[in-house]
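This report describes one protein model, heading by heading. Please look at the sequence and the structure before reading on.

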Amino acid sequence: MASSRDLFLSSVLLMSLFLTLSEAREFLVGGKPNAWKIPSSDSLNKWAGALRFQIGDSLVWNYDSSKDSVLQVTKTDYETCNTSSPMAAYKDDNTRVKLERSGPYHFISGAEEHCQKGQKLIVVVMSKRSQFMGISPAPSPVKFDDPAMALTSSAVVLKRGLVAIVGVLMGLALF
Ligand SMILES: *[C@@H]1O[C@H](CO)[C@@H](O)[C@H](O)[C@H]1NC(C)=O
């Protein structure tokens, strides 16, 4: 019979296994190439709202740097579309930003009048805690417009499932 100490140790092991192996993902902003432009509706934030971002994930913007840019700004500057003092500015066709902390991130276009016309994005990164509570990584791959993205996403979910199974098996082997 396993003592409660053994049980405790193996659960700690399992937890750390889950945390270390949970994968960092990369999200193409808007779910398809060249989606960083004046949107026809609120499509950018609709896209972001349907996803669960975790610490360590990255956002990737795909755009033409001769016409556009990506500014990371404060909440106030996001609301007023103030491009004068961004926290970070990117203009390199293929911007990649790693989400290093939980909470909201605000991005707007640096192109004249683009933010006013709706080219802005809020991404909320889940806290470590809600991440650990097992909130599903992505509600439904069907949300993606691009079939390639949908495939990537379900592959990640599948991999996470495998990691969980391996973790449980390793836990069982301890007894
Ligand atoms: C934009 O932000 C700058 C720096 O924070 C500030 O000085 C300026 O007044 C702001 N402009 C508007 C239109 O809010």
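## The disulfide

Cys81 and Cys115 are joined by a disulfide, with 2.0 Å from S to S; the term stands for a pair of cysteine sulfur atoms within 2.5 Å. The structure holds one such link. The angle about the S-S bond is -75°, and the link of Cys81 and Cys115 is left-handed. Helices (H or I, at least four residues) and strands (E, at least two) are DSSP runs, numbered from the N terminus.

Cys81 counts as buried because its relative accessibility is 11%. Cys115 is also buried, with a relative accessible area of 2%. Buried means under 20% relative accessible area, exposed means over 50%, and partly exposed is in between (1.4 Å probe, protein chains only).

## How the model is read

The model is predicted: local features need pLDDT of at least 70, side-chain atom pairs count only at pLDDT 80 or more, and totals for chains, interfaces and linings use all residues. Residues are numbered from 1 along each chain as its sequence is written, and side-chain values use heavy atoms, with hydrogens and water left out.

## The chain as a whole

The protein chain has five helices and seven strands. Read from the N terminus, its elements follow the order α-β-α-β-β-α-β-β-β-β-α-α. Of the 175 residues in the protein chain, 38% are buried.

## A sheet of three strands

Three strands form an open sheet in the order S1-S2-S5, with mixed pairing. S1 and strand S5 (94-98) are at the edges and have a single partner strand each, so one side of each has no neighbour in the sheet. On average, neighbouring strands of this sheet are turned by 20° against each other, direction ignored; axes are lines fitted to C-alpha atoms, for helices over the stretch in contact, and angles run from 0 to 180 degrees between N-to-C directions.

Strands of a sheet pair through backbone hydrogen bonds, either parallel or antiparallel. Strand S2 (residues 58-62) and S5 pair in the antiparallel sense over five bridges, where pairing requires that DSSP finds at least two bridges between two strands. Ser58 stands opposite Lys98 in S5.

## Around the ligand

Which residues are around the ligand? They are Asn82, Ser84 and Ser85, each with a heavy atom within 4 Å of the ligand. An N or O atom in the side chain of Asn82 is 2.3 Å from an oxygen atom of the ligand. For Ser84, the distance from a polar side-chain atom to an oxygen atom of the ligand is 3.1 Å, and for Ser85 it is 3.4 Å. A polar contact is a pair of N or O atoms within 3.5 Å; within protein, one must be able to donate a hydrogen and the other to accept it, and residues adjacent in sequence count only if both atoms are side-chain atoms.

The ligand taken alone exposes 360 Å², and the protein buries 28% of that. Accessible areas come from the Shrake-Rupley method with a 1.4 Å probe; for residues, only the protein chains shown count as cover.

## Residues in loops

Cys81 has a positive phi of about 55° although it is not a glycine. Asp93, another residue other than glycine, has a positive phi near 70°. Asp93 lies in the loop between S4 and S5 and counts as partly exposed because its relative accessibility is 36%.

Gly30 is in the loop between strand S1 (26-28) and helix H2 (43-49). Is Gly30 buried or exposed? Gly30 counts as buried, at 11% relative accessibility. The C-alpha atoms of Gly30 and Lys46 are separated by 8.8 Å, and these residues are 16 residues apart along the chain.
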